Amino acid sequence: MIINLISKIGEKYDEIYFFLYKEEKMLINKHFEKHVDFINKVIEKKDFKFKNGEKLSIVLEENNSLVELNIIGLGKKEKSDNFTLRTNIFKGVEGIKNKKIAVISESIENGKLVAESILFSEYKFDKYKEKSKEEKNNLDELEVSLLGNISLEELNEAISIRDGVFLARNLVNEPANVIYPETLAIEAVKASEKYGFTVDVYDEEKIKELGMEAFLAVSRAAYYRPKLIVMKYLGDPTSSELTGLVGKGLTYDTGGLSLKPSTSMDTMKSDMGGAATVIGALSIIASQKIKKNVVAVIAACENSIGGNAYRPGDIIGTMQGKTIEVLNTDAEGRLTLVDAVHYTINNEKATKIVDIATLTGAALVALGTTTTAAISNNDEFYKMVEEAANLSDERLWRLPNFPEYGKLLESKIADLKNIGGKYAGTITAGMFIEKFVGKIPWVHLDIAGTSWTDAPYDFYTYGGTGQIVKTLYNLIKL
Ligand code: BES
Ligand code: ZN
Ligand code: ZN
């Protein structure tokens, strides 16, 4: 998609998309003075009410050629919200190809929202389909001229955001025979070269040296060997503040010996959604040259089965020193995360930390597929994350970390056990990580429900959603 900004409707377009609130019909006058009587007659004849998402197509003659004007209703202005606006714009321009179109969106104050929604409508993941190769040979460029409340700078930011979110989605959508720890690291390196951050990739030897015993236990049975991926972007060398972003990087989760049933396993290529999120977010942060310091860490591995797999009942060590009784090998994410979090605080000296993980099926039970679950040890830092989520139009809901939930993780024979029992699974998983954080401000984001969708909804397509990439970017920018 090529997108550029215009201040008036001038050149020749194949189609014009005009987004309008009910109260702002008079804007038709401004852009289509010559045709206004005709347009109003059609509106009356078709009983067009400017309802949410309602569409009216009118063919007009301009300079001896025909142009299709599509008016898309936005409903009543005071009733409108950002989610609905994004959906209307996304659906309005979704699937248009090989055309030059103009979009008039000046009645929508937030022009960045408009640009993002147009850009997001282009997402597809069809590289494994024969047809897509044929289509590539044809010209499928969409050219958009946008007339709205947006500066060139904001448009460039929206393009960066699109790139970061699409990168995260692609990484999630790639199958586990393509994206495994080593290739995930290669993708991180590619992004670092493209957007301007640094990456260190540590192999098993170094992971052993670091004492990441829990991470290694999870990795043990897999054919693809683990990698510790450490990405850094230092935009403010004068500051000692450093935000750590730790993403769960299970490139596949079979459940291990506590094997998942097939129907729960089939989307487990997406268990590196947290890793994809931090790579996507750091790409945007770096390309926008945000003046903050960020370290993003991924303990990438696959939870597999085999003769040397870790077992239910095993007691394993951690980099931090605590011992863990493993009572379910499918609760593996928290084991990799506690070592990654400890590494980020202890070795990289992060002063604040956010971990992002497809951690619990219980998050889907509690909040469904649209809202990310959060746990935090710090109200002030949580408020910042919440503000960032609001700026991003990504839904977030905080769950409590009352001490009685933490008690559910006490083991009879080790310092902790890796499951907290039948209830409050999202809370106990989050609080398991909290036990390795210490005093620094920490927010845990469980994206098990939100990073993937089995069916398109609102402005999301099937598969990886890239949710929380924008929240992390806006958090760092705050
Ligand atoms: N990766 C899963 C969580 C998950 C479930 C992500 C559904 C996306 C969709 C995680 O490793 C897991 O299996 N968690 C267990 C924990 C349980 C054994 C305490 C779960 O949620 O069942
Ligand atoms: Zn699991
Ligand atoms: Zn998992």
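Predicted model: local features only at pLDDT ≥ 70, side-chain atom pairs only at ≥ 80, totals over all residues.
Residues are numbered from 1 along each chain as its sequence is written, and ligands are numbered from 1 in the order in which they are written. Local features need pLDDT of at least 70, side-chain atom pairs count only at pLDDT 80 or more, and side-chain values use heavy atoms, with hydrogens and water left out.

Select the zinc ion (ligand 3). Lys248 (NZ), Asp253 (OD), Asp271 (OD) and Glu332 (OE) coordinate this ion at 2.0 to 2.4 Å; donors are N, O and S atoms within 2.8 Å of the metal (3.2 Å for Na, K and Ca). The six donor atoms subtend angles of 77 to 172°, which makes the arrangement octahedral (six donors, opposite ones over 155 degrees apart and all others between 65 and 115).

Asp253 is buried at 3% relative accessibility, and Lys248 is buried at 2% (buried means under 20% relative accessible area, with a 1.4 Å probe and protein chains only).

Now select ligand 1. Around it are 16 residues, the closest being Lys260, Asp271, Asp330, Glu332 and Gly361 (each with a heavy atom within 4 Å). Show the side chain of Lys260: one of its polar atoms lies 2.8 Å from an oxygen atom of ligand 1. For Glu332, a side-chain N or O atom is 2.9 Å from an oxygen atom of ligand 1. The protein buries 76% of the 520 Å² that ligand 1 exposes when taken alone (Shrake-Rupley method, 1.4 Å probe).

Terms used: Tetrahedral: all angles 85-135°; square planar, octahedral: opposite > 155°, others 65-115°. Buried < 20%, exposed > 50% of the residue type's maximum accessible area, 1.4 Å probe, protein only. Polar contact = N/O pair within 3.5 Å; in protein donor to acceptor, adjacent residues only side chain to side chain.
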